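Please have a look at the sequence and the 3D view below.

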Amino acid sequence: MTLDADVIVLGAGPAGSAAAFHLAARGRRVIQLEKEGPGRGKPCGGGMAASVQQWFPFDLRPAIDQVIRQVRFTWCLEDPVVAELPGDAPFWIVRRRVLDDFLASQAADRGVDLRYGRTATALSRQGDRWQVTDGQGQQLEARGLVIADGSSSRFAAEQGLGPARPRYAATVSVEVEGTPTPADVAHFEFGLVHHGFCWAFPRSGGYSIGVGTFIGQQEADANAVLARMLPSLGLDPEAGERRPGQLRIWDGHHPLHGDGVVAVGDAASLCDPFLAEGLRPSLRSGCAAASAMDDWLAGDNLALAGYSQTMRKEWGDSMAWGKRIAQVFYRVPRVGYQLGIKRPTAPKRIAQILSGEMGYGDIAQRVIRRLLFQRG
């Protein structure tokens, strides 16, 4: 038996569920496949700008675990710089399993046919329709397809969406129980990690802590980093289960659309290559893709190309500068910390970037020129 829909969404992460919700809200018949079950965990810091609320008609606060009001930067746990974040609630911390389930439930409430435990094993374009076969051998058909299967996407590059050879940052994440003090400060530590940084985000009842390496494919010695980072927070150096992962980071402008298909979120390689922000671009891409797909289904043949242009303008142009900053900063991080993070205006600018008020392009030329001059 072949099941029919207007759009099939592959994946029920933030990007996939955002796209599914908005398509269903526009009256489209949507089938959404998710290979995992509800309540799945995922290595993720869980930080996102509160500005994402503007893209949804429902309140996101039930999925929010902690509100961040300050960001603290350190070099080898010393030489701190503290930035006050602008606005009433500029940066949120979420638990991914809570956020993912919340967004998926909102999509299901709008009429999305959400199927957990279903993996897409094959897809093909037949005439003007997509055919998708799931892991149980059932065939699905739809005019439109949204690829939202995450950093390990097997279908995005296959369909010519995003980079043919994605670039990854290596990560190790750990959830640790405890009592964050203070509870509204996010930590970024740059000196302990070669070619990367360590983050510690407070959440209800503990911390979400991670180590990321952003140049090359080598992994940091996460255990050695955590053995120093955890005690600085009053935690046991061996606490928590280490979970390795990869971030599929932005690596140049590429088409994110094809014939009746778009890639969104991590599958589209949208993660920030400097500060590793992934949730905001995932949610924005899901919302923008839904609008474009709806217009395309209504007969606008240029709508999907417009989605690629929207993501380039709203995200990619800033990330192009973010990549340049990362390439210079993480190769000479001590210089970067002194000339970038510790400059009088830098904390405010970074806070504005994290809150979504500013892009890297607004600061990049001066930052890169300053770092390159110092290196020379």
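## Before you start

This is a predicted model, in which local features need pLDDT of at least 70 and side-chain atom pairs count only at pLDDT 80 or more, while totals for chains, interfaces and linings use all residues. Residues are numbered from 1 along each chain as its sequence is written, and side-chain values use heavy atoms, with hydrogens and water left out.

Helices (H or I, at least four residues) and strands (E, at least two) are DSSP runs, numbered from the N terminus. Buried means under 20% relative accessible area, exposed over 50%, and partly exposed in between (1.4 Å probe, protein chains only).

Let's begin with strand β13, residues 185-189. Five of its five residues are buried, so β13 is largely enclosed by the rest of the structure. In a regular strand the side chains alternate between the two faces of the sheet. In β13, Val 185, His 187 and Glu 189 point one way, Ala 186 and Phe 188 point the other way, and all are buried.

Two strands pair if DSSP finds at least two bridges between them. Strand β5 (residues 70-75) runs parallel to β13 and is joined to it by five bridges; here Thr 74 has Glu 189 as its bridge partner. Strand β14 (residues 196-203) pairs with β13 in the antiparallel sense over three bridges, and Cys 198 in β14 stands opposite Glu 189.

## On to strand β15

Strand β15 spans residues 206-213. Eight of its eight residues are buried, so β15 too is largely enclosed by the rest of the structure. Eight bridges join β15 to β14, and the two run antiparallel; Gly 196 has Thr 213 as its bridge partner. These strands form a hairpin with two residues between them, and Gly 205 in the turn has a positive phi of about 80°.

β12 is also joined to β15 by eight bridges, running antiparallel.

Most residues other than glycine have a negative phi, and most peptide bonds are trans. Where does the chain depart from this? The peptide bond from Thr 181 to Pro 182 is cis, with omega near -5°. Pro 182 sits in the loop between β12 (167-177) and β13.

His 195 is not a glycine, yet has a positive phi of about 65°. This residue lies in the turn of the hairpin that β13 and β14 form with six residues between them. His 195 is buried, with a relative accessible area of 15%. Ser 269, likewise not a glycine, has a positive phi of about 55°. Look for Ser 269 in the loop between β18 (261-263) and α4; the residue is buried, at a relative accessible area of 1%.

Helix α4 (residues 279-297) has 19 residues and reaches 27 Å from its first C-alpha to its last, close to the 27 Å expected at 1.5 Å a residue; the expected span is 1.5 Å times one less than the number of residues. Of the 19 residues of α4, 17 are buried, so the helix is largely enclosed by the rest of the structure. Just after α4 comes Gly 299, with a positive phi of about 115°.

Gly 316 lies in helix α5 (residues 303-329) and is buried, with a relative accessible area of 2%. Not counting residues up to four places away in sequence, Gly 316 touches Trp 250, His 253 and Met 311 (contact means heavy atoms within 4.5 Å). Leu 270 is 46 residues from Gly 316 along the chain, and their C-alpha atoms are separated by 7.8 Å.

Which residues of α2 are buried? They are Arg 96, Leu 99, Asp 100, Phe 102, Leu 103, Ala 104, Gln 106 and Ala 107. The buried residues of α2 pack against α1 (14-25), β2 (30-34), β3 (47-49), β8 (113-116) and α4. Gly 111 follows α2, and its phi is positive, near 110°.

Helix α2 (residues 96-109) also gives three residues to the lining of the largest cavity, the largest share. Among the lining residues are Glu 34, Arg 40, Asp 100, Asp 101 and Tyr 116. A cavity here is a set of points, on a 1 Å grid over the protein atoms alone, where a 1.4 Å probe fits but cannot get out; lining residues have an atom within 4 Å of a point.

Technical notes. On a 1 Å grid over the protein atoms alone, a cavity is a set of points where a 1.4 Å probe fits but cannot get out, and a pocket is an open set with protein on both sides within 12 Å along at least five of seven lines; lining residues have an atom within 4 Å of a point.
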